[in-house]
Amino acid sequence: MSIAPAPESRSYQTDAATNAVATALASTAGTPTPAGEADPEETLSREQLDQLQLTRLQATVRHAYDNIAAYRKLYDAHGVKPSDLQTLEDLANFPFTDKEFLRAAYPFKSFAVPMDRIRRIHASSGTTGRPTVVGYTEGDIDRWATLLARCLRFSGVRPGDIVHNAYGYGLFTGGLGAHYGIEKVGGTVIPMSGGQTEKQIQLIQDFRPRVILCTPTYLLTLADAFRSAGLDPRESSLEIGVLGAEPWTEEMRQEIEKAFDITACDIYGLSEVMGPGVAGESAQRQDGSTIWEDHFRPEIIDPITEEVLPLGHHGELVFTTLTKEALPIIRYRTHDLTRLLPGTDRPGHRRMGRITGRSDDMIILRGVNLFPTQIEEIALGIEGLSPHFQLELVRPDHMDQMTVHIERRPETPRQEAEAAGAELARQIKVKVGCSTRVAVAEPETLARSSGKLRRIYDKRPR
């Protein structure tokens, strides 16, 4: 008979650090917000948010240093202590963290509270190595639901709405994160998850939801499925789409809104920072996702020099959590490329520009850097080409080559589609600066999204 090893003994500074975090969290705590009304923290001024961020940031850094050996080792190696954090600008003196930092602590060494306080565990897919594991206390889950509800309300979701949730359930944070937020905002959840596209269509027809939550590429898949079933997606009950989990362009938004006659809003999040709900987009303005800065401190850095960049400059998004108990995240490099902008509907909270790509998804083709979103933006501006495309990379004769496989629209004759493909190749050369092949495919022949869509097929030898 085998005997399981005893769990690793760990000492947590529960009284001091956890109480400090609790005190910081209580600094704006009040009575619960009624469903459908804005949270008081949404209307804080920039000055009020800065003060709140500093209080919560100091507590978070102390909490991480006292309770997570990896943070203590990292900070000691860089010669910084929690007491060095006297202003928000001092955060720039602390080192970055990333997926590898979390993977090295697999599975639970990154948790800052004992396991008996963990109420849920999520994890990334781990397709490029060990998954990153995320833990949540009861308080973390409640704050997550509150922020997701804030995003949904901001995007036009009302109490009493029926909401079709097609984000994947399971270890992925999307499904359950959205689920709890829908309930918190006062909506009725259809917990459909991803896949089973024909059944999705049936339930949308039968249950008549007003709102759908999914990835933007999967909503296009549903549009195709409606048409294949002889149905017009514009005549469905859907009025609002809250879409995220992958980069998408303004051209993609227009494609989706035209296909369904809906208002499509962005929502942003990532598992390591919390999950969906870190930022959400106003249905009134549709001008980028507002970051909820009472819970998250964003920075934009140059991905090469790691220099912190001013407001409006394009670079890599970095996040620090301010209210997470189980897994505090400090200066986490997301690899998402965007910029910070002044607030609009919520003036105190800054906005994110659209994600233009990921630094780790960047394709280097004969010395030219490009992202799939650049191809999407160009293709959707050319009549006759659909939004369904794939990028294939090969290296014959020691020279990189890329082929854009893209479907023609069903109503576009083959000859016109070939001409559109030639125009796509020309515009990529002019606007991106590299030569590519374009292969125009027949409708319904390329792989469809059942959640997150794979765009890049890199067949080059390692």
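**Exercise 1. Helices α8 and α9**

Task: In this predicted model, work out how helix α8 (residues 216–228) and helix α9 (residues 250–260) pack, and describe their contact.

Solution: 
1. Take the geometry of the pair. The angle between α8 and α9 is about 30°, and their axes lie 10 Å apart.
2. Classify the angle. Angles under 35 degrees count as roughly parallel, so α8 is roughly parallel to α9.
3. Assign the hand. α8 and α9 cross in a left-handed sense.
4. List the residues. From α8 the contact draws on Pro216, Thr217, Leu219, Leu220, Leu222, Ala223, Phe226 and Arg227, and from α9 on Met252, Glu255, Ile256, Ala259 and Phe260.
5. Sort them by class. The contact of α8 with α9 holds 10 nonpolar, 1 polar and 2 charged residues.

**Exercise 2. The sheet with β10 and β15**

Task: Find the strand order of the open sheet of 4 strands, and state which strands stand at its edges.

Solution: 
1. Read the order. The strands run β10-β11-β12-β15, and the pairing is antiparallel.
2. Check the link to β15. Strand β12 (residues 332–338) is antiparallel to β15 and is joined to β15 by 2 bridges.
3. Locate a facing pair. Gly357 in β15 lies opposite Leu337.

How values were computed:
Residues are numbered from 1 along each chain as its sequence is written. This is a predicted model: local features need pLDDT of at least 70, side-chain atom pairs count only at pLDDT 80 or more; totals for chains, interfaces and linings use all residues. Side-chain values use heavy atoms; hydrogens and water are left out. Two strands pair if DSSP finds at least two bridges between them. Axes are lines fitted to C-alpha atoms, for helices over the stretch in contact, and angles run from 0 to 180 degrees between N-to-C directions. Angles under 35 degrees count as roughly parallel, over 145 as roughly antiparallel, 65 to 115 as roughly perpendicular and the rest as oblique. A crossing is left-handed if the near helix is turned anticlockwise from the far one by less than a right angle, and right-handed if clockwise. Contact means heavy atoms within 4.5 Å. Ala, Val, Leu, Ile, Met, Phe, Trp, Tyr, Cys and Pro count as nonpolar, Asp, Glu, Lys and Arg as charged, and the others, Gly among them, as polar.
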